[in-house]
Amino acid sequence: MININSLLAQYGLLLDEDRLEEWVDLFTEDSQYKVVTRENKKMNLPVAVIWCDNKNMIRDRIHSYRHVNEHNLHWDRHVIGPPRINPISSSEWQVQASYSLFQTNLEGRSILFSVGMYDFKIIEKNNILKINYLEVVSDTASFETLLATPI
Amino acid sequence: MININSLLAQYGLLLDEDRLEEWVDLFTEDSQYKVVTRENKKMNLPVAVIWCDNKNMIRDRIHSYRHVNEHNLHWDRHVIGPPRINPISSSEWQVQASYSLFQTNLEGRSILFSVGMYDFKIIEKNNILKINYLEVVSDTASFETLLATPI
Amino acid sequence: MININSLLAQYGLLLDEDRLEEWVDLFTEDSQYKVVTRENKKMNLPVAVIWCDNKNMIRDRIHSYRHVNEHNLHWDRHVIGPPRINPISSSEWQVQASYSLFQTNLEGRSILFSVGMYDFKIIEKNNILKINYLEVVSDTASFETLLATPI
């Protein structure tokens, strides 16, 4: 549990510090990363805001963010709540936690950007915890700006 | 402490997932559940936004929410901070934690709904932690919409 | 780790409860407390919003807040995320955590006031954890109101 809290802390802080390549390394090679809206999930619509089927797709996304796109410049700030932890096996856990995500623009104005829930499958290998699956379910659907960085 | 964190996680997530009946089961039969505003508490006014004297009253409230009232439809999202834990006895603790509560409407727009503090008395019985008392002290007093779901 | 979570809880709740003198006692005598904006830090500008070089300066600040100044009256509410903990020695840790800080005015309206990160050095002495250094890096730079209470 203590290590799971550390992983959640790393997840949010690495994104907030713009250390996106290190954030990618929290995932296993066969990891899935999805961002869906709560409304679409509830209606069983197969629409995802982001859908990466393996770690290479996550890497590509970060790479393209770094090298290709021009984005609205901002800083992210994740504040994550306490986790609900359900063991799947002796080395696998389902971990769910609410998050609030704020964005601050270049003028130093902060807004609420998205709230929602993380639904992780976390696995342990050689004493290290990694994300094997992550579905981000965003309550917020009205993204004010282009969704460029991961949630 | 670890179990107390899990209880806090369950408290928020069950509400956010609209699993209100399971949320009720976090309380003991003789549990009190109150929502007060910080201003009223400070001025010692005996006014509560919600006041349930036992678990049946909490059940009734959820039941009436489910079956009678028409409410503004929204999703809740609780993000709860780290707990301050004070042992009362070997099986009782006062647990206090700050919360932020966001609401998202059917258009997918999220707003800050309430911030404040939880003041729990938590007891252990047969290795299970339950809420024996909860006073929610909401800093926010200007509820924009009817207070329908628990905080 | 468990104690570090308790310290974070105390840090936020003591400020929110206006128990500022007890909040000061979380610091060591030689502690530094700084508030900087992320923008200024990134540009290496030596500008701080608050800069206290030792505990007496922190005390003075609280004292002057209590006895001299007239401030906009409000309540603070800190919601702090999970900590990233890096041991420096057997009794010293770097602890970093994201925060969201809300303010509520006398009419009971709550706003997002600041988001950012705490960068602590925490030390243990006689089984008690104290803050030996704290840099608050605020993403938010557009403080709507005079920065009167600590972040």
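**Entry 1: confidence**

I looked up chain A and found a mean pLDDT of 91, with 91% of its residues at 70 or more. pLDDT is the predictor's confidence in each residue, on a scale from 0 to 100. The model is predicted, and I noted that local features need pLDDT of at least 70, side-chain atom pairs count only at pLDDT 80 or more, and totals for chains, interfaces and linings use all residues. For the labels, residues are numbered from 1 along each chain as its sequence is written, while chains are lettered from A and ligands numbered from 1 in the order in which they are written.

**Entry 2: chain C against chain B**

I counted contacts (C-beta atoms, placed from the backbone, within 7 Å). Chain C brings 22 residues to the contact and chain B brings 22 residues. On the side of chain C that touches chain B, the elements giving two or more residues are α1 (2-16), β3 (75-80), β5 (92-104) and β6 (110-125) of chain C. Helices (H or I, at least four residues) and strands (E, at least two) are DSSP runs, numbered from the N terminus. α1(C) gives the most to this side, with 9 residues.

**Entry 3: symmetry**

I superposed chain B on chain A by a rotation of 120 degrees with 0.0 Å of shift along its axis, at RMSD 0.0 Å. The two copies are therefore related as by a three-fold rotation axis. Which residue of chain B comes closest to the rotation axis? I found B:Gly81, at 3.7 Å (C-alpha). The copies use different surfaces, as 14% of the contact residues of chain B recur in chain A.

Technical notes
Two residues are in contact if their C-beta atoms, placed from the backbone, lie within 7 Å. Copies are superposed by least squares on the C-alpha atoms of residues with pLDDT of at least 70 in both.
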